[in-house]
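Hi there,

Here is the structure I promised to pass on. My notes on what turned up follow below it.

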There are 2 protein chains.
Amino acid sequence: MKLATLKDGSRDGQLLVVSRDLGTAHFATGIAQRLQQALDDWNFIAPQLQDLYDALNHGRARHPFPFDPAQCMAPLPRTGQRIEGAAYPNHLQLVQPALADAPGPLLRQRASDDLRGPRDDVQVADEAWGIDFGGELVAIVADVPLGATPEQGLDAVRLLMLANDTTLRQWAAPPAAQAWGAVASQPHTAFSPVAVTPDELGDAWQDGRVHLTLQTSWNGRKVGMADAGADMRWGLGELIAHAARTRRLRAGTLVGTGPVSNAGVEANGRREWPKGYASVAEKLAMEALQDGAAQTDYLRFGDTVRIDMRGRDGQPLFGAIEQKIVQFGA
Amino acid sequence: MKLATLKDGSRDGQLLVVSRDLGTAHFATGIAQRLQQALDDWNFIAPQLQDLYDALNHGRARHPFPFDPAQCMAPLPRTGQRIEGAAYPNHLQLVQPALADAPGPLLRQRASDDLRGPRDDVQVADEAWGIDFGGELVAIVADVPLGATPEQGLDAVRLLMLANDTTLRQWAAPPAAQAWGAVASQPHTAFSPVAVTPDELGDAWQDGRVHLTLQTSWNGRKVGMADAGADMRWGLGELIAHAARTRRLRAGTLVGTGPVSNAGVEANGRREWPKGYASVAEKLAMEALQDGAAQTDYLRFGDTVRIDMRGRDGQPLFGAIEQKIVQFGA
């Protein structure tokens, strides 16, 4: 099933069930007001949401209305924990080569007080901070016990979303990164209009990996057509088990894959990345490797970013993230 | 006023108003069920809680009952964000000297999905992981805008708590720290029975600092009597402004001071720390500096830790954290 959260002026919004084709929505009122309530008591609430989803898809729901991604908050607007993984070695090899050879997936604790909707502007105070995008997949998980296995981790995946994780590259580099950790460098993450249960992916969901194409557009130009399955070294089950190595995780925890990024190939005597890039920092690294110098600038105020992933049938899956970079306070 | 959260089997518990002497409590039902509700709408809800607090202190509340810290969850059992500062340079100088000379306060993003109660056991899978305690102060803040000043940061402090931040030293050192960040090394933080508004501290609250003694006991022996005001290089206003340098913080965000730690003094030709230590890692560093070798072991299963802070009049303020280290799954 597919779930979304409608902006209603509150901090948690109103839970919606959304039809498979993202055409119509229905309030989940009477089942659960907020997505966190459903996550807290999933085995009891999810079947009721599924029934409503089935009714909506078959035109039998009582009060459907047109679904508008522009009215969406993040499916889960705030939650207790967010862990960001780095499951695609190619991204680290390009952007943080010193960390690329770690024997396990890198994990970082991140903020989850202010998760943004798919059409929310990215507000940044200073264009010179090196504004970058980053398309990835994020799982919302159930309770996970301390010491969980990768199989238990995979079983705990309740919902999947797309995310655009804005990074301020000047704050991600030393000395700022040493002082602030990720507090300053990752101020804003937006999520797809809907969160979907893994069964919506069909055969494209294998071993904790989504074997579909993540499309990234920058100012309307397609810059990335990344295969999210092929070069994902650790599946979500492994990431979740890794996160629970010394402690339990509570329901609603977000576990992200890091930017979806495919390995380069040797062609015409030089290394190329035919599937494009998932962040401008990758593009800069590619240019430096290919030509000795980076050419591209980071994002400017007014720039737009679009991140989407469709099913193998070309149909909408999560809905698209479409954001504009704007100056804070302007 | 003083607020607590009663264990009721739910994930957020029941909000209580607690009398100044921590003798009696009263359900806040009818005002707010959960502390996060009060934080979301503080200007409306806090005056009602204050009225109940006043009535409770004057014996005029309708249904008071004895307050039992053993029945408490953390005052805020889960929230959207937790930022851990390092406001006491002495701790870094001893434990992470490479980071001690930073021009501003170090900040790190931390988990906030599973904040523990004052009497909850610390469950650890392996005694060899280097189990350590760490007494500190933690503020619960209101909404803070991007680019807030230290004055705005200070104004945003809604409530203060004590915390015991358990660290697994083996996971806090390379290479684990590089791979996991703080995800694995800081599995468990317990909070004082009550959270208090800053006015409860009277003159001891100055410039975002609490000028009172943080008492740490290990297996019943007092090992730290730290002055929480004297050597706090950055006040909570500065920590909060620093955290909001590139983004806003949402109501309920926790901002911690890091372990409360006083500078050493030269005495009898060697450096001494007459106020003791806030964590075993500090003690090991002191021993290495004094005698060339660390003598003390980290905590063992069955050990107890007690962290408390009283008012200048000797009366209870936050209530004490009292925890036992136990083996997970045993």
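A term to start with: buried means under 20% relative accessible area, exposed means over 50%, and partly exposed is in between (1.4 Å probe, protein chains only). By that rule B:Arg78 is buried, at a relative accessible area of 15%.

Some housekeeping before the rest. This is a predicted model, where local features need pLDDT of at least 70 and side-chain atom pairs count only at pLDDT 80 or more, while totals for chains, interfaces and linings use all residues. Residues are numbered from 1 along each chain as its sequence is written, chains are lettered from A and ligands numbered from 1 in the order in which they are written, and side-chain values use heavy atoms, with hydrogens and water left out.

**Between the chains**

Chain B and chain A bury about 4200 Å² between them, with 51% of it on carbon and sulfur atoms; buried area is the accessible area (1.4 Å probe) that two parts lose on being put together, summed over both. The contact (heavy atoms within 4.5 Å) takes 49 residues from chain B and 49 residues from chain A. Twelve salt bridges are counted between the two chains, a salt bridge being a side-chain nitrogen of Lys or Arg within 4 Å of a carboxyl oxygen of Asp or Glu.

One of the salt bridges joins A:Asp40 to B:Arg78, with the closest N and O atoms 2.7 Å apart. This pair crosses between chains, from helix 1 of chain A to the loop between strand 4 (65–66) and strand 5 (82–86) of chain B. Helices (H or I, at least four residues) and strands (E, at least two) are DSSP runs, numbered from the N terminus. A:Asp40 counts as partly exposed, at 24% relative accessibility. Another salt bridge pairs B:Asp114 with A:Arg250 at 3.9 Å between the closest N and O atoms. There is also a network of salt bridges whose members include A:Arg78, A:Asp114, B:Asp40 and B:Arg250.

**Within chain A**

The domain assignment of chain A, which is automatic or from a database, gives domain 1 (1–73) and domain 2 (76–327). Their C-alpha centres lie 25 Å apart, and the area buried between the two domains is about 2000 Å², with 58% from carbon and sulfur atoms. A:Met1, A:Lys2 and A:Leu39 supply 24% of the area that domain 1 buries against domain 2, more than any other three residues. The rule finds three salt bridges across this interface.

**Within chain B**

Helix 7 (residues 236–243) of chain B is largely enclosed by the rest of the structure, because seven of its eight residues are buried. Among them are B:Leu236, B:Leu239 and B:Ile240.

In helix 8 (residues 280–291) of chain B, B:Glu287 and B:Lys283 lie four residues apart, about one turn of the helix. Their salt bridge has its closest N and O atoms 3.8 Å apart. B:Glu287 is buried at 5% relative accessibility, whereas B:Lys283 is partly exposed at 24%. The salt bridge of B:Asp308 and B:Arg310 (3.4 Å, N to O) also joins a buried residue, B:Asp308 at 3%, to a partly exposed one, B:Arg310 at 33%.

Happy to talk any of this through.

Best wishes
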